[in-house]
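User: I would like to learn how to read a fold from a model. Could you walk me through one?

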Amino acid sequence: MDDIFFISTASRILGMHPQTLRKYDRLGLVSPNRTVGSMRLYSPKQIERLRLIKILVDKKRINLAGVQQLLSIADSVHRLRDIASLENYSQSNVHRRLLRELDTLEKLVDLT
């Protein structure tokens, strides 16, 4: 079973204030699981996503709106890869899903 971390441990691992993690949750940059009492639980995958966010904000000086866009694009690319690797679906079904995902990606990067 993967480790899960409460917000206090996650903030210590990342060198980030817990309030920053709460803000990123509110903005939808990361979506930690919750305990029955609504305490945030972070998986190792979410810790890595938060590390990426920290690099983008602190080192690359990208604002949170830009980070949100970049993460949305990255998520779309991951979904495209997942769809492309499907073996149990008909070609037409995979093709339709790929086209839908490409439309989503196109909207994300639309600069007009």
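This is a predicted model: local features need pLDDT of at least 70, side-chain atom pairs count only at pLDDT 80 or more; totals for chains, interfaces and linings use all residues.

User: How many helices and strands does the protein chain have?

Analyst: The protein chain has five helices and three strands, and along the sequence they follow the pattern β-α-α-β-β-α-α-α. Its radius of gyration is 17 Å, well over the 13 Å that the globule rule gives for 112 residues, so the chain is more spread out than a compact globule. The C-alpha atoms fill a box of roughly 45 × 40 × 20 Å along the principal axes.

User: What share of the residues counts as buried?

Analyst: Of the 112 residues, 27% count as buried, with buried meaning under 20% relative accessible area. The chain exposes about 7900 Å², and carbon and sulfur atoms supply 54% of that area.

User: Now a single helix, please. Which residues of helix H1 are buried?

Analyst: First the general idea: an α-helix has 3.6 residues a turn, so residues three or four places apart point the same way. In helix H1 (residues 7–14), the buried residues are Ile 7, Ala 10, Ser 11 and Leu 14. They cover an arc of only 100 degrees around the axis, which puts them on the same side of H1.

User: What do the buried residues of H1 pack against?

Analyst: Their partners are strand S1 (5–6), helix H2 (18–26), strand S3 (40–42) and helix H3 (44–59).

User: And which residue follows H1?

Analyst: That is Gly 15, with a positive phi near 70 degrees.

Definitions and conventions
Residues are numbered from 1 along each chain as its sequence is written. Side-chain values use heavy atoms; hydrogens and water are left out. Buried means under 20% relative accessible area, exposed over 50%, partly exposed in between (1.4 Å probe, protein chains only). Helices (H or I, at least four residues) and strands (E, at least two) are DSSP runs, numbered from the N terminus. The arc is that of the directions from the helix axis to the C-beta atoms. Contact means heavy atoms within 4.5 Å. The radius of gyration is taken over C-alpha atoms; the globule rule is 2.2 Å times the number of residues to the power 0.38. Accessible areas come from the Shrake-Rupley method with a 1.4 Å probe; for residues, only the protein chains shown count as cover.
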